[in-house]
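Please keep the sequence and the model open while reading.

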Amino acid sequence: MSLNLPLHILQHRFKANPDFYTEQAEAQLAFHSSIQNPTRTPMESDAAASGAVTSNASPSHTNSALLSTLELPDLGGQSMNDWPDLANNDPYNFDFDASASTMPFEPLIAPFMPGSHGFVDLDPMLLDMLPGASNHNVPELSAGLLQGLHDRYFDLFHSIMPLICRSRFEAEISEMSPSIEVQSLSFAIAVLGSFSVPELRCYVDRCYEQCRTLLDLCERQDTGESLASINTLQALALLTLYEFKQPNFARAWMTLGRAIRLAKMIGLDQVDSPPNSTMTAPWDQRPRLSPPSCPVIAEERRRTFWVLYVFDSLSTTHLHAPSALEMPAFIRLPSPSDSLDEVTNSTFAMPSMQQIEAGVSAEVTVSSFAGTLIMVSLYRRCIDHTMSQMNHPHAFWETHYSIDKAINHYRGNLLSHHVNGDFSDDPRSLPLRMNLAAVEITLHETALIKVQTDKLPGVLATEAITKCIAAATDIAMAVQLGQRLTGKKLEVFKNHDRFLVWPMTMAIQTCSRVLDLRGNVDVAPCIDNLRVLAAAMNELVSPKHIRPGLLEKIDAWVAAVEGGADGE
């Protein structure tokens, strides 16, 4: 059956056979699944991963963002000969949008229970409240298509946000009368599953609207029982991820705020707190999560909280607003296991972030998801350090070198297997590596501002510039490694989309400023980095997530430098 027929033929066949579009959609899913893991010989696999990547290699692929670019304070017109002015009146006018994070994977093979059709029936009174599809030519989701969209989600997006226990979800959705909240999660999963297949994006609006309606029903329940459910929180988290991929950031921020308020209300941030610390007053009638019945449930709650924490870091830096979630005192980091079902009573208890920072648990193995939390924690420290200088300028350099030491420590120990090496082919570790390098740029550009405002010795500026260039080069190298991925690994890397924009724009910002130094600094690496990053953004990042005119500016900067060199 052809998958690319003209529209009038498709419409005619749909009228003659209402199942025609459903068959087309299921065929598209099968086709995309078949090309995710093309058969390759060991020799081909080795060849694809061989050879160190340098910033001089030709570009072809990459993706998008984690945290929003730091808004630099006004320097009151002061300047420094060795570094272009970093004030708000920067001639490059960088005011980049961005967003954030990375994480682990491994779908569980847990088929639907016998007799289940995978698509649950709603109460007749609820059916009247569900909105129709925005496009009336789009048929209802069949059982096979919905399950295919679920499979698609767990194949791709679970590696970015490993927060759902698949076996638990499938058991609950397969019950005779599944709850409203698990149905809302089912549609949220389908939103991302259909969004990942261009030919099936016509189903996104239907799934999105039905998920939204079911979440509203959860809130309108008199008892509030549907609110005290991990499914409700996870549905909101998945909708937030989908909305981060859209141009309207305000919508994602509002959905995230809804999820964070709900998480606090039901006590998700107390998952690992001592029993006596979670006591509530007798008159407190808020719905609360029941105590976790097993290690898997506790781990699922931890991961759901941490996903909200990462998203909160993204949104607050994007909007330059205070964070809604502070670093919890007791919640442990996610376990290294990709599969939630592998968590047992004997699983090693991970330390909390405070214990990691204090060096109490230096020998643990962390997943890329846990590594993302460490990176976000470092970023928050950088932002707090920068903002504190406005009101409390003392102890700047002590704090600066403390953060720099922490970055080097994590890079050489806990995160070494994620962020070091020229042969990595892990689509989850590469974005982590890029964002950690962007944190370094943030830290050292803050130091450059300090040098500029206080007219400090040039050696401090030289040190900061050198570290900024090295971090930008590391981002370009990681981008190239991502470009060389194939099959499902490449798809997973691409689906980080907006979570790669921030590091790439930070690298572009640094390299463009170095070009103005010319005689003082070797600009050749920066030109190579700009070419790699511009080609990657142009090919893999949606135009709606790239600042208008940015790619043209890069071409102009490179041409100006090369033209000047030719003139000499």
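## A loop residue with positive phi

Lysine 455 sits in the loop between H16 and H17. The model is a predicted one. Most residues other than glycine have a negative phi. Lysine 455 is not a glycine, yet its phi is positive, at about 50°.

Is lysine 455 buried or exposed? Its relative accessibility is 63%, so lysine 455 counts as exposed, the cut-off for that class being over 50%.

## The largest cavity

H17 supplies the largest share, with four residues.

## Tyrosine 410 in helix H14

Helix H14 also holds tyrosine 410. With a relative accessibility of 4%, tyrosine 410 counts as buried, because buried means under 20%.

Which residues does tyrosine 410 contact, leaving aside its neighbours within four places in sequence? They are Met353, Ile356, Glu357, Ile374, Leu378, Leu415 and Ser416. Methionine 375 is 35 residues away from tyrosine 410 in sequence, and the two C-alpha atoms are 9.0 Å apart in space.

## Aromatic pairs

A pair of aromatic rings is described by the distance of the centres and the angle of the planes. The structure holds twelve aromatic pairs. One of them joins phenylalanine 195 and tyrosine 242: the ring centres are 5.4 Å apart and the planes are at 85°, so the pair is edge-to-face, the cut-off for which is over 60 degrees. This pair links distant parts of the chain, with phenylalanine 195 in helix H7 (residues 180–195) and tyrosine 242 in helix H9 (residues 230–244), 47 residues apart. Phenylalanine 195 is buried, at a relative accessible area of 13%, and tyrosine 242 is buried as well, at 7%. Phenylalanine 195 also has a charged residue over its face: arginine 201, at 4.2 Å from the ring centre.

How are the rings of phenylalanine 244 and phenylalanine 249 arranged? Their centres are 5.6 Å apart and their planes are at 25°, so the pair is stacked, since planes under 30 degrees apart fall in that class. Phenylalanine 244 and phenylalanine 249 are both buried. Together with Phe311 and Phe499, Phe244 and Phe249 form one aromatic cluster.

## The chain as a whole

How many helices and strands does the chain have? There are 21 helices and zero strands. The chain has 568 residues, and 56% of them are buried; phenylalanine 195, tyrosine 242 and tyrosine 410 are examples of buried residues.

Among contacts with a separation of 6 or more, 80% are between residues 24 or more positions apart. The chain exposes about 23900 Å², of which carbon and sulfur atoms supply 54%.

Terms used: Residues are numbered from 1 along each chain as its sequence is written. This is a predicted model: local features need pLDDT of at least 70, side-chain atom pairs count only at pLDDT 80 or more; totals for chains, interfaces and linings use all residues. Side-chain values use heavy atoms; hydrogens and water are left out. Helices (H or I, at least four residues) and strands (E, at least two) are DSSP runs, numbered from the N terminus. Buried means under 20% relative accessible area, exposed over 50%, partly exposed in between (1.4 Å probe, protein chains only). Contact means heavy atoms within 4.5 Å. Accessible areas come from the Shrake-Rupley method with a 1.4 Å probe; for residues, only the protein chains shown count as cover. Rings of Phe, Tyr and Trp (its six-membered ring) pair if their centres lie within 6.5 Å; planes under 30 degrees apart count as stacked, over 60 as edge-to-face and the rest as tilted. A charge sits over a ring if NZ of Lys or CZ of Arg is within 6 Å of the ring centre and within 35 degrees of the ring normal.
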